[in-house]
Amino acid sequence: MIKFAIVGCGRISKRHSELLGENQISGAKLVSVCDLKLEKAEMIAKKFSINAYECLHDMMKSESIDVVVILTESGLHAKNTIELAPYGAHIVVEKPMALTLDDADKMIEACDKNNIKLFVVKQNRFNVPVVQLRKALDMGRFGKLIMGTVRVRWCRPQSYYDQDAWRGTWAFDGGVLTNQASHHVDLLEWLMGDVESVFAKSKKALADIEAEDTAVVILKFRNGALGLIEATTAIRPKDLEGSITILGEEGSVEIGGFAVNEMKTWNFSKSLEGDDDVIEKYSVNPPNVYGFGHQAYYEHIVDCIKNNSSQLVDGLQGRKSLELINAIYESIETGKEVSLRFSPKHSKLGQI
Ligand SMILES: NC(=O)c1ccc[n+]([C@@H]2O[C@H](COP(=O)([O-])OP(=O)(O)OC[C@H]3O[C@@H](n4cnc5c(N)ncnc54)[C@H](O)[C@@H]3O)[C@@H](O)[C@H]2O)c1
């Protein structure tokens, strides 16, 4: 059994602790949890009859832990990873891995130095219809890629931002691009290929926060295709969709639903056996916008650790996605098209 511990017992910890604590992941178990607010850790600990801690160092010194899962505020991920790495347990960190590229580099270095694996949670890559789309791309079924688009049209009222001081701040969260849409930004690049440049605009449409709640981005991919990101948390009165469309000269695929979970269109010029069943077979309705992907992601983590197999989203992959997000902010700040492989100068993201 691989022994997992959790640092940070806030909103997303419910999903992680239930998967690990209720033995939903074969070969994994939850041994302890930690939160600066001890009562939050104690609530989870009581449910699974495990130990609760207030201080992550006390937890790491007292328990035998193989993997530690960091579920703290985004702006703290780097600090927490760097202080946890010397304990020698592998690290899983929620998205976004960090806010600045400097921090991402320090996290990768700390994990490499201590000979541990770093996993960044990007559970949407494991969504059932996304896996099918990726297979079709790998088989070359789209021919030349023409365009890739993602839409995040979600509802986050002011009360969502007001529940914790870190939400929507430059230093600890960023806006819709870094938080809610970071999955979709990651998916777009993972599926379409490397990005050459971005041009973006953003605004605070409804939320009273430091960063943006609404943004549009035009992307140029290295393979010549174009892309669009439409991201907002200012949809009212409820979530509309989280979706992706990939268009090629020989095929079109659209995945919609709230959480990139429903295969809507599966059209190819050259059909293969099974194509007619794809829409019905590969659509799932998750209970919330987090989707089902966390379970598949944990199964992947266990496999990587047990068999030393290659990681789908390691520190370098997480950094790549963060580089794209930082380039988008740079374009918003400067009003200019920004090429990738750049050094951020104007991004406020992650700065105190
Ligand atoms: N993958 C997803 O779909 C998804 C969904 C939601 C949130 N997230 C990410 O998860 C992270 C947490 O989000 P949340 O909504 O659960 O936040 P939250 O504010 O509800 O919880 C964070 C918790 O971390 C605790 N904490 C901070 N520093 C600590 C430390 N040093 N030791 C122990 N505990 C500490 C805080 O007290 C708080 O309880 C964010 O980075 C967010 O982007 C990912």
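Start by selecting Arg156 and Tyr160: the charged end of Arg156 sits over the ring of Tyr160, 5.5 Å from the ring centre. Here "over a ring" asks for NZ of Lys or CZ of Arg within 6 Å of the ring centre and within 35 degrees of the ring normal.

Before moving on, note that this is a predicted model, in which local features need pLDDT of at least 70 and side-chain atom pairs count only at pLDDT 80 or more, while totals for chains, interfaces and linings use all residues. Residues are numbered from 1 along each chain as its sequence is written, and side-chain values use heavy atoms, with hydrogens and water left out.

Next, select Arg141 and Phe268, where the charged end of Arg141 sits over the Phe268 ring, 4.1 Å from its centre.

A search of the whole structure finds 6 of them, counting rings of Phe, Tyr and Trp (its six-membered ring) with centres within 6.5 Å; planes under 30 degrees apart are stacked, over 60 edge-to-face and the rest tilted. Select Phe126 and Tyr297: their ring centres are 5.3 Å apart and their planes at 65°, so this pair is edge-to-face. Phe126 lies in the loop between strand 6 (118–120) and helix 6 (128–138), and Tyr297 in helix 10 (residues 293–307), so the pair ties together parts 171 residues apart in sequence. Helices (H or I, at least four residues) and strands (E, at least two) are DSSP runs, numbered from the N terminus. Both Phe126 and Tyr297 are buried; buried means under 20% relative accessible area, exposed over 50%, and partly exposed in between (1.4 Å probe, protein chains only).

Phe142 is in the loop between helix 6 and strand 7 (145–153), and Phe268 is in strand 13 (residues 262–268), 126 residues apart. Phe142 is buried at 1% relative accessible area, and Phe268 counts as buried at 11%. Show Trp266 too: ring pairs link Phe142, Trp266 and Phe268 into a cluster.

For a last stop, select the cysteines. How many disulfides does a search of the whole structure find? The search finds 0, with a disulfide being two cysteine sulfur atoms within 2.5 Å. For Cys34, the nearest cysteine sulfur is that of Cys55, 6.6 Å away, and Cys34 counts as buried at 3% relative accessibility. Finish at Cys304, which is buried at 0%; the closest cysteine sulfur, in Cys111, is 14 Å from its own, too far for a bond.
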